[in-house]
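Below is a short report on a structure.

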Amino acid sequence: MNDHNVYQTNNSETEETPEQAQQEREKEMQDDEEELHKLLLPNVHDLPLTPPSAIDFNFVAYFAPDFLKPGHDQYVYRHANGLCVIGLAPTHVAFKDEGGITAVDFNVGKSDRSGFKVTGKRKKQNAQHFESNTAVCKVCTNNDSYIVRCCVKGSLLEVNNRLIKQPGLLNSSADREGYIAIIMPKPADWLKIKSSLLGLEDYKRKREECFGSS
Amino acid sequence: MANETEDAPTNSASESHATSADVERNPTDEDKNEKLLNDAVQFLPTDAVKDLLSKEVCLRCIFRLFGMQVPICSSLSVKSLLCHVLGEQADLHQNISSVEPNICRSCLGILQFTYCGDKERVVENESACDFAVAIAELVKKEGHQIDSFSLEVSMPPTILENENKLSLYVKRKYRSEAWFKDRSISECSSTKDALKFALTNPLETLLDVKCGISTFHIRLTYSRVEASIRIQNFVEKIEGCKRRKVDAKNCLDTVKDKSAITGVENSVVSTTEVIPVDEKSSNGLQDNEPSETHEFPLKKVNEPCRLECLCFRTPIYFGGRYLKYSRNVSQTRWIIDEERMGEASIEEIIGGNILPMCRGDSYKFHAAGREDIDVRMLGSGRPFLFEIQNAREVPSELLVKEIESKINSLENKLVRVKNLKIVGSQGWTLMREGEAEKQKQYAALVWISRPLQDEDFQTISSLKETQILQKTPIRVLHRRSPLEREKIINWMKIEKIAGSSQYFLLHMCTQAGTYIKEFVHGDLGRTNPSIGSILGCRAEILQLDVTDVKMNCFLTE
């Protein structure tokens, strides 16, 4: 493998042994790696104690208190791309029941919401179109059952099927893994519903007693 | 003009205005050509020649019909010799012009170097050399730097029909003649070949480069100008679609597509109507008996063809690898509602430096994958390809290195380029090769909701070739199909960060197409498993860097 002498070094030595060339390359690689590592390490002092979560960062949270029925508090997290994730707000009356939520059933209204599949990019054509008061699912507790509704008029893209086997997700993280469904509203429909929703601060104020004073 | 003598002939016609005299520069060449012509003409059967001339076939068509190539001479020489053969007086100008038809019925004036040019102006060139001069001017006007050229000619389908009809006519009429039996009429060359032969040497001389396979193309496209034409043959061939006969526009589009199948030249036809032709008329593609054997089968031609002359270079490719140091630079130009996203783009920074050096028309940027605008591309860099359209100049290796240096020394240091060089078409295959299998390496700044424990290092490192299932991330769900994708995480490693118990650097290598951000934060549980689920807590990602794109192309040699 003597043709490695082809490599030119800055010192332009006329004769370089293969071993020297190899050493040069290894050193270069080490230098590159060190440089890379320097770039990767953050400045610890710049790091916040608790960073914003992916949800805080990418979504704007809206709330619909008493949606169609008292105590039926739901949230709508809207992504920058227009998609809306809906779920149960922490003050939803279902959480007040002893034992929390025990079961979730998507078989409401005209069809089983968990069954359908939206295929392809042209979601508007395949997906089901829901009104804001269309029922998406039913959550059950030991005492009662509560209907969860769409909140936003649009196409239903996805329901959280995991809730069927793991209804407890609603108790532990209703605002993340326990989301109910994903809706895609038309821009005009969103604007209409937006005015009737509350931002986080307004929602907290309204449900003051649940959040306590601090 | 034919007998002008010039001393000190110049080979490169780049500076001064080129004339055909430059081409016929050498008196001995001229004499030689005339002698060749003289000899050739001796063998022509006078009767047949007279007959064809009277049927308005031009001299060069007659020559090619009899399998002879006309040496490079001005038309005047050809005509005067022919007159001599025919026993007519050569010095009477009227005779000479009356010998040849205005526009040949077979080649439609193409081999007479007559055409309809810009602004409907009819151009009649005295010789192939004059014609070549006009073409060479165009090449120079565009400022092309070339080392070779390829000559392409495209003619209307009628030409081929005419060739066949003519050759049939001669075959039928003279098959009993002695001279016919001696020479096989099928040796006749096509109109296209005759034109190319006539133009090649003059063009080589004027452009000072050879003709052959080249990235630089000179394309001559001839088309009919007549208002109504007989393309019924093609219409009928098109899978029996009756409606196409009525709609001329539809018909033309289909003709363009189908002409490749029927084996006839692609033609650009400007017409407003299609006149249906009765089925007795001969189809030039078959050996039909024309019903009228007494009447000459070629129609009179009133106007020459329209000629479009294009010269261009096929795309050249620049390959290399890029690094992106900024979290505010997108890969490609990204504009929403007239506002640019990010402060710049890789394709504009690099392309904007390559294009002017090539004096090209435009560029197309291709990369082996991409990263988000807020993700840096570090390490060995990502392979990319720039396709430059119609470059007027192909930069030298030295110049390409200069381009690379220039980009790398830009003040804002947003982007870096490595191993930039001109690659052939294999650059494409190199990039596309193994695209699905290629792995990528990342470093992510991760935060978890509890302090890091000793076991965590082992938990993460022990996972090899882990399969995960990712539903289409919410952040792209609006424009991508809702699918569930299986991806492989090849390996992972936690690197502790001094001074922090909940932040760490996560190094990992994954299959192409894995959504890393979602793998860290879980995307509301739609990516399983995720770092959070593996460590049993909440995990967030603050920064992501690509540290290696494991591909074999455009590496440092």
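Glu204(B) counts as buried at 17% relative accessibility, where buried stands for under 20% relative accessible area, exposed for over 50% and partly exposed for anything in between, taken with a 1.4 Å probe on protein chains only. The model is a predicted one, in which local features need pLDDT of at least 70, side-chain atom pairs count only at pLDDT 80 or more, and totals for chains, interfaces and linings use all residues. Residues are numbered from 1 along each chain as its sequence is written, chains are lettered from A and ligands numbered from 1 in the order in which they are written, and side-chain values use heavy atoms, with hydrogens and water left out.

The partner of Glu204(B) in a salt bridge is Lys210(B), with 3.7 Å between the closest N and O atoms; a salt bridge is a side-chain nitrogen of Lys or Arg within 4 Å of a carboxyl oxygen of Asp or Glu. Lys210(B) counts as exposed, at 58% relative accessibility. Elsewhere, Asp372(B), Asp374(B), Arg475(B), Lys517(B) and Glu518(B) are joined into one network by salt bridges that share partners. Asp51(B) and Lys55(B) also meet through their side chains in a salt bridge, at 3.6 Å from N to O. Asp51(B) is buried, with a relative accessible area of 10%, while Lys55(B) is partly exposed at 24%.

## Salt bridges between the chains

Over all chains, a search of the whole structure finds 32 salt bridges. Across the interface of chain B and chain A the rule finds two. Glu158(A) pairs with Arg526(B), the closest N and O atoms being 2.8 Å apart. Glu158(A) lies in strand β10 (residues 154-159) of chain A and Arg526(B) in the loop between α18 (516-521) and β21 (527-528) of chain B, so this pair joins two chains. Helices (H or I, at least four residues) and strands (E, at least two) are DSSP runs, numbered from the N terminus. Both Glu158(A) and Arg526(B) are buried.

Arg176(A) forms a salt bridge with Glu540(B), with 3.3 Å between the closest N and O atoms.

## The interface

The size of an interface is often given as the accessible area lost when the parts come together. Chain B and chain A bury about 2900 Å² between them, and 65% of this is on carbon and sulfur atoms; buried area is the accessible area (1.4 Å probe) that two parts lose on being put together, summed over both. The contact takes 34 residues from chain A and 36 residues from chain B, contact meaning heavy atoms within 4.5 Å.

## Chain A and its sheets

Chain A has eight helices and eleven strands. Of its 214 residues, 43% count as buried. Its accessible surface comes to about 12700 Å², with 49% belonging to carbon and sulfur atoms; such areas come from the Shrake-Rupley method with a 1.4 Å probe, and for residues only the protein chains shown count as cover. Among contacts in chain A between residues at least 6 apart in sequence, 59% join residues at least 24 apart.

An open antiparallel sheet of six strands runs in the order β1-β2-β3-β11-β10-β7 (chain A); two strands pair if DSSP finds at least two bridges between them. β1 (59-64) and β7 (128-130) of chain A stand at the edges with a single partner strand each, so one side of each has no neighbour in the sheet. On average, neighbouring strands of this sheet are turned by 35° against each other, direction ignored; axes are lines fitted to C-alpha atoms, for helices over the stretch in contact, and angles run from 0 to 180 degrees between N-to-C directions. β1(A) is joined by six bridges to strand β2 (residues 74-79) of chain A, and the two run antiparallel. Ala64(A) has Gln74(A) as its bridge partner in β2(A).

Three strands form another open antiparallel sheet, ordered β4-β8-β9 (chain A). Its edges are β4 (101-105) and β9 (145-149) of chain A, each with a single partner strand, so one side of each is left without a neighbour in the sheet. The twist averages 25° from one strand to the next. Five bridges join strand β8 (residues 135-141) of chain A to β9(A) in antiparallel fashion, and Cys140(A) has Ser145(A) as its bridge partner in β9(A).

## Strand β22 of chain B

Strand β22 (residues 539-550) of chain B has nine of its twelve residues buried, so it is largely enclosed by the rest of the structure. Ten bridges join strand β17 (residues 439-448) of chain B to β22(B), running antiparallel, and Gln439(B) has Lys550(B) as its bridge partner in β22(B). Strand β15 (residues 376-389) of chain B runs parallel to β22(B), joined by two bridges. Here the bridge partner of Arg376(B) is Asp545(B).
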